[in-house]
Amino acid sequence: MDSRVAKALGAGAAVAALLGGCDSAADSVVRDTAQRFLTADPATACTMLAVRAMEDLTRHGREACPDALTEARAPGGTVSEVAIWGADAQAKAGAETLFLHEYEDGWRITAGGCQSRGPDVPYACLVGGP
């Protein structure tokens, strides 16, 4: 699977850093959503993806999501950090970073398997991207 470059901008990360010390009910929901995504079987994890991430992963319907996700998914781990800014969030698990967005039906994964490439440089992601 080709790497995808997330457009996680430095402004979002800066806001997240400012809010990183705050613990809220939203933090728990984001943490739970990210952890469930990391530990779910591929079919269940696919239901947790944002539409754009799903379309990107399946190359607009040419591949089955569970198969494509199995190929693309990083090992993950336990969510250790959560940062929320507005309707967007970031969750870190080991060396992996997930990006989430809050929709009317709850938080969904917009990017996964993301690796930082340094300050002010967009993340490289295996699944989706903002």
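In helix 5 (residues 65–72), the residues Cys65, Ala68, Leu69 and Ala72 are buried, where buried means under 20% relative accessible area and exposed over 50%, with a 1.4 Å probe and protein chains only. These four cover an arc of only 100° around the axis, which puts them on the same side of helix 5; the arc is that of the directions from the helix axis to the C-beta atoms. The face turned away from this buried side carries the exposed residues Asp67, Thr70 and Glu71. This is a predicted model, in which local features need pLDDT of at least 70 and side-chain atom pairs count only at pLDDT 80 or more. Residues are numbered from 1 along each chain, and side-chain values use heavy atoms, without hydrogens and water.

The buried residues of helix 5 pack against helix 2 (25–39), helix 3 (42–46), helix 4 (51–57) and strand 7 (127–128), contact meaning heavy atoms within 4.5 Å; helices (H or I, at least four residues) and strands (E, at least two) are DSSP runs.

The whole structure holds one aromatic pair: Phe99 and Tyr123, edge-to-face, at 5.2 Å centre to centre and 80° between the planes. Rings of Phe, Tyr and Trp (its six-membered ring) pair if their centres lie within 6.5 Å, with planes under 30 degrees apart counted as stacked, over 60 as edge-to-face and the rest as tilted.
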